Amino acid sequence: MAKKVTMQKIADHLGVSKFVVSKSLSGKGGVNETTRERVIQAASQLGYFTQKNAYVQNVKRPSPVSGNDRGKQSVLVLMPNIRAQTQDSLYWGKIIDGIALALDQEGLGMVIVSEHRADNFIHILNPSGLLGLVGVGQISTSLLLEVHRIGLPMVLIDHEDPLIPSDTVFANNIDSMTRLSNHLMGIGHTLFHFIGNIRYSRSFRDRWIGFRSALEENDMKTPAGDDEMLLLGGMDDGSFRDEFKLWITKRKKAKNLPTALICANDSTALSVCEVLREEGVSIPADISVTGFDNIEDAMRGVPPLTTVHVPKEAMGRAAVEKLLSRIHNPSAPLEKILISADIVHRDSVAGPRE
């Protein structure tokens, strides 16, 4: 039997005091952020978080019940990236709708929190009044650590943390992007570029991996000069447009335009289409453009955008189902749930010019 991973073992591993480890893992102040991150990473690597009852506080939470007695029970929905992830978002809002519908069917309430600072989040948490948490989109390790620390069951949508174990729900980004890329190759495209920031989210990175997989399957190489379009800043507010405009202008002058641009999501693709039109590049006659997510604006694009339909409400419902299952079976293996996503063919794609 493996030995228990204690705070002292973590402290010895890092060469710090047990007091520092305790402070870092408890979410209390008095430890700088760099040290705190080192402690969390070491704890994860040593298997501290995967131990049963490793450091969970002894709190009483309501057990899920059925019928009229469920009226006062709630699930916390955490959406800390409020600039891009709001209920009004064409992407995240649909996920929230799915969560709300699933909770309503179970007679459960929903409390949405957008707090992004761990020290403030601690005061919001009231484990005795919550069944569990559904995290939506990007959430910092420090926030997830607080949830894990008190033992609150959680499921993450469109995000996973390498240090904090949890159930997760994603669209099947890799397979869907591979199919989309293969479609473009099937109609004759050979000069591609992926547009987005692969460090922005796990989904963006998985979509890039799917694109790369399609290239490898067809014995094609990654396009030269692609790197600068893989790390675009300003994905939240669209300010990446300036950088993309410089890139496309340079390629236009050099007469080596790609024939297809595969964008990380629809919002990126719609901005890309605007820049291309400003530069006198015809879509799809000169360049085909694809998106991902199938937000409502994709259909209203000029031209309407070929994309991948992500069943956003289904992701929200699946997260609620998984959370309730986790509450009933806390010791079951963690799961990563992948929801199938299909290609939506519209007018932004055509075969390349001869």
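Averaged over the protein chain, pLDDT is 83, and 82% of the residues reach 70 or more.

Two stretches deserve a careful eye. Over residues 52-61 the pLDDT is below 50, yet the model still gives this stretch 25 contacts beyond near neighbours in sequence. Residues 65-71 also stay under 50, and there the model has 7 contacts beyond four places in sequence. Where pLDDT is low, the predicted coordinates should not be read in detail.

**The chain as a whole**

The protein chain holds 13 helices and 11 strands. Of its 354 residues, 51% are buried. If we take the contacts with a separation of 6 or more, 70% of them join residues 24 or more positions apart. The chain exposes about 16,700 Å², and carbon and sulfur atoms supply 49% of that area.

**Salt bridges**

How many salt bridges does a search of the whole structure find? The search returns 15.

| Pair | N to O distance | Relative accessibility |
|---|---|---|
| Asp293 and Arg207 | 3.0 Å | Asp293 6%, Arg207 1% |
| Arg241 and Glu278 | 3.1 Å | Arg241 23%, Glu278 48% |
| Lys322 and Glu335 | 3.3 Å | Lys322 8%, Glu335 39% |

Let us start with the salt bridge between Asp293 and Arg207. Asp293 sits in the loop between β8 (288-290) and α12 (296-299), and Arg207 belongs to helix α8 (residues 202-217), so this pair ties together parts that are 86 residues apart in sequence. Are the two partners buried or exposed? Asp293 counts as buried because its relative accessibility, 6%, is under 20%. Arg207 is buried too, with a relative accessible area of 1%.

The salt bridge of Arg241 with Glu278 has its closest N and O atoms 3.1 Å apart. This pair links distant parts of the chain, with Arg241 in helix α10 (residues 241-253) and Glu278 in helix α11 (residues 266-278), 37 residues apart. Here Arg241 counts as partly exposed, and Glu278 is partly exposed as well. Both residues also belong to a network of salt bridges that links Arg241, Lys245, Glu274, Glu278 and Glu279.

In the remaining pair of the table, the side chains of Lys322 and Glu335 meet. Lys322 is buried, whereas Glu335 counts as partly exposed.

**A serine in helix α7**

Finally, have a look at Ser176, which is found in helix α7 (residues 173-186). Ser176 counts as buried, with a relative accessibility of 1%. Which backbone oxygen does the side chain of Ser176 reach? That oxygen belongs to Asn172, at 2.8 Å. Leaving aside neighbours within four places in sequence, Ser176 is in contact with Phe292, Val308 and Ala341.

Methods:
Residues are numbered from 1 along each chain as its sequence is written. This is a predicted model: local features need pLDDT of at least 70, side-chain atom pairs count only at pLDDT 80 or more; totals for chains, interfaces and linings use all residues. Side-chain values use heavy atoms; hydrogens and water are left out. Helices (H or I, at least four residues) and strands (E, at least two) are DSSP runs, numbered from the N terminus. Buried means under 20% relative accessible area, exposed over 50%, partly exposed in between (1.4 Å probe, protein chains only). Contact means heavy atoms within 4.5 Å. Accessible areas come from the Shrake-Rupley method with a 1.4 Å probe; for residues, only the protein chains shown count as cover. A salt bridge is a side-chain nitrogen of Lys or Arg within 4 Å of a carboxyl oxygen of Asp or Glu. pLDDT is the predictor's confidence in each residue, from 0 to 100. A polar contact is a pair of N or O atoms within 3.5 Å; within protein, one must be able to donate a hydrogen and the other to accept it, and residues adjacent in sequence count only if both atoms are side-chain atoms.
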